[in-house]
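Please open the model beside this note.

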Amino acid sequence: MARLVESLSNFFGRVEILARGLENERRAAELSLARGRPLEARDLARTILASVPGSPLGLALWADAAEDAGLDHEAAEALAELATFVPWRADVWLRLGQARARMGDVRASEALERAADAPEEREAARLALLDLCDRDLWAGDPARAGRWLDRIGTSLAALATTGTELPAAPDREVALRRAECALALGDVTAATRHAPVIDPERIDGRGALVLARLAFAGGQWSTALDLGLRACILDAPGSAELLSALIAGCRDVVLVDRARRVVTAAGLIEEPAWAAAFAFAEGRRADARAALSRGLSAGHAGAAAALLRLATETRDLDALHTLAARDPGRLPEDLRTLREGAVLAAEGRHRAALAKLERVSGEAAAWAAEIASGIIRSWVPGDGIASWPDLLDELGRSARALERLDVVTGVEAIAVERERPLRVAVVGEFNAGKSTFLNALLGEDVAPTGVLPTTATMHWVAWAPDPFARIVVRGAPDRVVPHAGLKAALKSLSGSGERVERVFIYAPIERLKRVEILDTPGFNAPDPDHIAAARQAFDEAHVAVWLLDASGPMKESERRVLSEIKGLGVPVQILVNKADRLSPDELARVLVHVQKSLEETGIGSYAPPLAFSARLSLKGKLGDAAALEASGWADVEALFAERIVDRSAELRERALRRRALRIARELASVAAARAAEDRAKSEEARATHEALLASAAKLRHDRRTIAASIENALEHARRVLAADLRPLGDLADERKRTDPGLEAYVEERFVSRLTDPLVQEIARHAGVPVPPAAAASVRAALMGAVAALERPAERVDQPLGRVIEAAIVAFAAALVAATEVGLPAAPFALLEQRAAMVERALSAKT
C-alpha cells in the first residue's frame with residue numbers, strides 16, 4: 001500500500017507548510033523515509049506538527065515514519081488524529097486498525113470496520129474485511145469470520161453496477177480464508193472446494209498450512225508432512241501444532257526421519273512438544289508424556305497444549321492425569337468430567353463412573369463412551385462369573401426407562417435364577433423313554449411313565465424334604481398329591497377336560513439339591529401345546545439331555561427340531577436309549593449315523609453321544625446287578641456327574657448370559673427404535689426452525705412489498721371498522737382529538753378488527769402456520785403504531801403501509817422467538833448407546 005504522505009500531499013496541506021517555510025523539512029522527511037531512516041523522518045514530522053498543529057500532511061508523515069520504525073503507539077496516535085480530518089479515507093482507518101491490532105488494542109476492530117464501510121475505496125475496504133476475518137478466526141469464531149468474507153463479494157457486486165473494473169481471477173486471499181473457516185467448522189468438503197484457488201507453487205506458510213490440513217484429512221501423509229514442514233519453516237501460526245500431530249501419528253520411518261532432520265536443523269528438536277511428537281511416532285508413548293510433563297514443569301510455551309492434544313487425540317488417560325496434576329485449569333469441563341469418571345472406574349465404583357461419563361458431551365463424548373464400554377465389558381469376563389448385580393441393574397434401568405415392565409420381570413427372574421440349582425431338561429420325541437431315564441437317574445420312581453400323550457405336560461422335578469407332587473391347573477386351585485397318586489390324578493384331569501399347565505414333583509433326593517430336572521412331553525406328541533411346552537424347556541434349562549430311540553434315531557422330525565434350537569445356544573447332550581434292543585454291530589452303526597446327522601444339522605453333542613438302556617438301568621437301580629451291568633448306565637452316570645453336575649456353575653453362568661443377552665438385544669432394539677424416532681423429531685424440528693428463520697428473514701426483507709399486498713386484502717376489515725366508528729360521527733373534528741374515551745374506543749376497535757386478518761395474511765405470505773405468540777406480537781405492534789397516528793381519522797381512511805410493516809416485523813420476531821424454544825430433547829440416544837454396549841459385551845462372551 002502506498003505511503004499516506006504520497007496520497008495526501010497532492011490534495012491539501014501543502015499551502016500551510018509552504019507558508020510556514022517548512023517545505024524543506026517535508027522534503028527531507030520524505031527523503032529519509034525513502035532511504036530507510038524512519039527515525040529521522042519522525043523527528044522532522046514532529047517539527048512540522050510543532051509549527052502546524054493538526055497538519056494532515058505532518059500527521060501522515062509521522063504515521064508513515066512511526067510505522068516504519070515499529071512505533072505502533074505513535075503510529076496509532078497519528079492515524080487517529082488524521083482520521084478526524086479525513087474520515088472518508090478507508091486507507092487511514094485501515095492503517096489505524098492494523099496499528100491498534102499490533103498493540104493489542106481492543107479498538108482495532110472499530111477502525112477496521114470504518115475502513116470496510118468504504119466500498120468505493122475497494123482495495124482498502126477489502127484488506128480491512130480480510131483483517132476482520134482474521135481477527136475472528138484467531139478468536140475462534142469461524143462462522144462470524146465467514147460473514148466478513150461475504151461482504152467482500154457483496155462489495156464487488158455493488159461496484160459492478162457502477163462499471164468499475166473487477167478482478168478477473170478468483171481472490172486467492174479470500175479463498176484461503178474460506179478454506180480456513182470451513183476447516184475450523186469441521187467441513188473438509190467445503191474447504192476442498194476452495195483449495196484449487198490456493199496456488200501450491202506460490203503459497204505462503206498460511207496457504208501451506210491449509211493444504212497440509214486438507215492432505216492430512218485425506219490420509220495423504222507424505223504430502224501433508226511436506227506441506228506441514230513448509231508451513232512450519234515459514235512460521236505460519238498453528239503449523240507447529242499440526243506438524244507435531246502429523247509426526248506423532250505417522251508410522252512411516254522415512255517420513256519421520258525427514259521431519260526430524262528439518263526440526264533438528266531449526267534447533268527445535270529438544271523442545272518438549274517436538275521430543276514428544278517423535279517419541280510418540282516411535283511408539284514411546286510414556287517418553288512422549290514424560291517429555292511434555294518436563295516441559296510443563298519448566299514453563300515451556302505450548303507444553304500444556306501439546307499434552308492436552310496428546311491426551312485427546314490418542315485417548316491417553318495417563319496424559320490427562322498428568323495434565324490435571326500439573327495444570328488443572330487447562331482441562332475443559334468435558335475432559336475434567338471424563339477424567340473424574342475414569343478415576344471412579346479405576347476405583348471400582350462403576351455405577352458412579354457411568355453416571356459421570358453420561359454427562360460428557362462434545363468431542364470428548366466418543367472417548368467417554370469408550371471408557372463406559374470398557375466398564376461394561378469388564379462385567380462379563382471370558383472366564384468366571386459375570387458381575388451380575390451390575391449387569392442386572394443396568395438391564396433393569398434400561399427396561400424401566402423404556403417402560404418395558406415385562407422385561408423388568410425377566411431381569412428379576414435372572415436374579416432369582418442365580419440362586420437356584422442347575423436345571424437339566426430331558427427332551428426327545430414321545431415314548432423315547434424320558435421318564436424312565438429320569439427315574440433311573442434319580443434312583444426312584446418319581447416321574448410317571450406310560451402317561452398318554454394327551455395328558456402329558458412338563459414335569460419339574462426338584463428337591464424338598466418330603467415327597468409330593470403339585471399339579472398346576474389352569475383356572476383352578478393347584479392339586480397336591482403323593483407320588484403314587486400322580487399318574488391317576490393326571491389321567492383323571494385329562495378325562496375331565498381340565499388344562500394341566502405344569503407338574504412339580506418334589507422328592508428328598510440328594511442329587512436334586514444340585515440339579516433340577518425338567519421332564520418334557522415329546523416333540524411328536526399330537527397336542528401342539530405339548531410341543532410348545534417342550535420347546536419352552538430350552539428357554540428354562542441350563543443344559544439339555546436329548547434322548548433318541550435306538551430303533552429309529554435322528555428321524556427327520558428330530559433333525560428339524562435340532563436345527564431350530566441350535567440358535568438358542570443351549571448345550572445338548574445326545575443319549576441313545578433302548579440300546580438293549582440292538583446287536584452290538586447295529587448299535588455301532590446307529591452311533592455313526594447319529595454323529596453324521598449331528599454334523600449335518602450343525603449342532604454338536606456336549607460330550608460324545610452315548611448308548612444305554614434306561615429300562616435295564618432302572619432295573620439295576622432296583623437291585624438287578626446284571627441288568628445294571630448290561631445297561632451301559634455307568635458311562636451315563638459318569639458323564640452326568642463329571643460334565644454336568646460338577647460343571648453346574650459354568651453351565652448356569654452360560655445359560656444366564658444367554659438369557660441376559662436375549663433381554664439386552666430386545667432392549668437395544670427398542671432403544672434404537674426410540675432413538676430413531678427422537679432423531680426424526682429433532683430433524684423435523686430443525687427443518688421447521690430453519691424454515692421459520694428463512695420466512696422471518698423474507699418477511700423483514702420484503703416487508704414493503706408484502707405490506708402493499710396486504711393492505712388491499714384488508715379492505716373488508718377496514719369497512720367493518722368504519723361501521724364500528726360511525727356512531728362517533730366526523731372523526732376529523734378537531735374537538736374529538738381531546739376526548740380520551742373516544743381515543744381509547746377507536747384504538748381498541750382498530751386493533752381488534754385488524755389483528756386477526758393481519759396475522760392470517762402475513763402467515764399466508766410467509767407460508768408458515770401462525771406461531772403461538774404471533775397474535776399478541778402483532779396486537780402490540782398495532783397498538784404502538786396506532787398510538788403514533790395523530791388523528792383518529794387516519795386509522796380509517798389513510799394508507800396503513802407503516803402500520804402493516806410494523807405488524808410484519810412483529811410477526812417475524814414471533815417466528816424467530818418460536819425457534820428459540822430449542823430442539824426437542826433426544827433422551828433415548830444415550831440409552832441406545834448403553835443398551836448396545838451391554839449387548840456387545842454379552843455377545844462377545846456368550
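1. **Terms and model.** Two strands count as paired if DSSP finds at least two bridges between them. Strands are DSSP runs of at least two residues, numbered from the N terminus. The model is predicted.

2. Strand S3 covers residues 468-473, and strand S4 covers residues 479-481. The two pair in the antiparallel sense, with three bridges.

3. Valine 472 faces arginine 502 in S5.

4. **The whole sheet.** Which order do the strands take? It runs S4-S3-S5-S2-S6-S1-S7-S8-S9. That makes an open sheet of nine strands with mixed pairing. The edges are S4 and strand S9 (610-611), each of which pairs on one side only. In general, strands of a sheet pair through backbone hydrogen bonds, either parallel or antiparallel.

5. **A parallel pair.** Strand S7 (residues 543-549) and strand S8 (residues 572-577) pair in the parallel sense. Six bridges join S7 and S8. Leucine 548 stands opposite valine 576 in S8.

6. **Leucine 422.** This residue belongs to strand S1, residues 422-428. Is leucine 422 buried or exposed? Its relative accessibility is 0%, so leucine 422 counts as buried. The C-alpha atom of leucine 422 is 9.7 Å from that of glutamate 650. Along the chain, these two residues are 228 residues apart.

7. **Arginine 657.** Helix H34 (residues 648-701) contains arginine 657. The relative accessible area of arginine 657 is 4%. The cut-off for buried is under 20%, so arginine 657 is buried. A polar atom of the arginine 657 side chain lies 3.0 Å from the backbone oxygen of proline 381.

8. **The cavity.** The structure holds one cavity of 30 Å³ or more. The largest cavity has about 40 Å³ of space. Its lining consists of Phe538, Asp539, Ala541, Val570, Ala655, Arg658, Arg659 and Arg662. Helix H28 (528-540) and H34 are the elements that give two or more residues to that lining. H34 gives the most, with four residues. By class, the cavity lining has four nonpolar, no polar and four charged residues.

9. **The largest pocket.** How much space lies in the largest pocket? About 1200 Å³. Its lining has 32 residues, and Leu183, Ala184, Arg213, Gly238 and Glu241 lie nearest the centre. Several helices each supply at least two lining residues, including helix H9 (122-138), helix H11 (172-184), helix H15 (239-249) and helix H21 (333-346). Helix H13 (205-217) is also one of these. H13 gives the most, with five residues. The pocket lining divides into 16 nonpolar, six polar and 10 charged residues.

10. Most residues other than glycine have a negative phi. Two residues deserve a look here. Glutamate 403 has a positive phi, near 60°. Glutamate 403 lies in the loop between helix H24 (388-401) and helix H25 (405-417). With a relative accessible area of 66%, glutamate 403 is exposed. Lysine 578 has a positive phi of about 65°. Lysine 578 is placed in the loop between S8 and helix H30 (584-601). At 12% relative accessibility, lysine 578 counts as buried.

11. **Helix H40.** Does the end-to-end distance of this helix fall in line with its residue count, or out of line? H40 has 19 residues, 801-819. The buried residues of H40 include Val803, Ile804, Ala807, Ile808, Phe811, Ala814 and Leu815. Glu805 and Thr819 are also among the buried residues of H40. An α-helix has 3.6 residues a turn, so residues three or four places apart point the same way.

Definitions and conventions. Residues numbered from 1 in each chain as written. Predicted model: local features only at pLDDT ≥ 70, side-chain atom pairs only at ≥ 80, totals over all residues. Heavy atoms only, no water. Expected span 1.5 Å × (residues − 1). Buried < 20%, exposed > 50% of the residue type's maximum accessible area, 1.4 Å probe, protein only. 1 Å grid on protein atoms, 1.4 Å probe; cavity = no way out; pocket = protein on both sides within 12 Å on 5 of 7 lines; lining within 4 Å. Points joined across faces, edges and corners; volume = space filled by probe spheres on them. Nonpolar A, V, L, I, M, F, W, Y, C, P; charged D, E, K, R; others polar. Polar contact = N/O pair within 3.5 Å; in protein donor to acceptor, adjacent residues only side chain to side chain.
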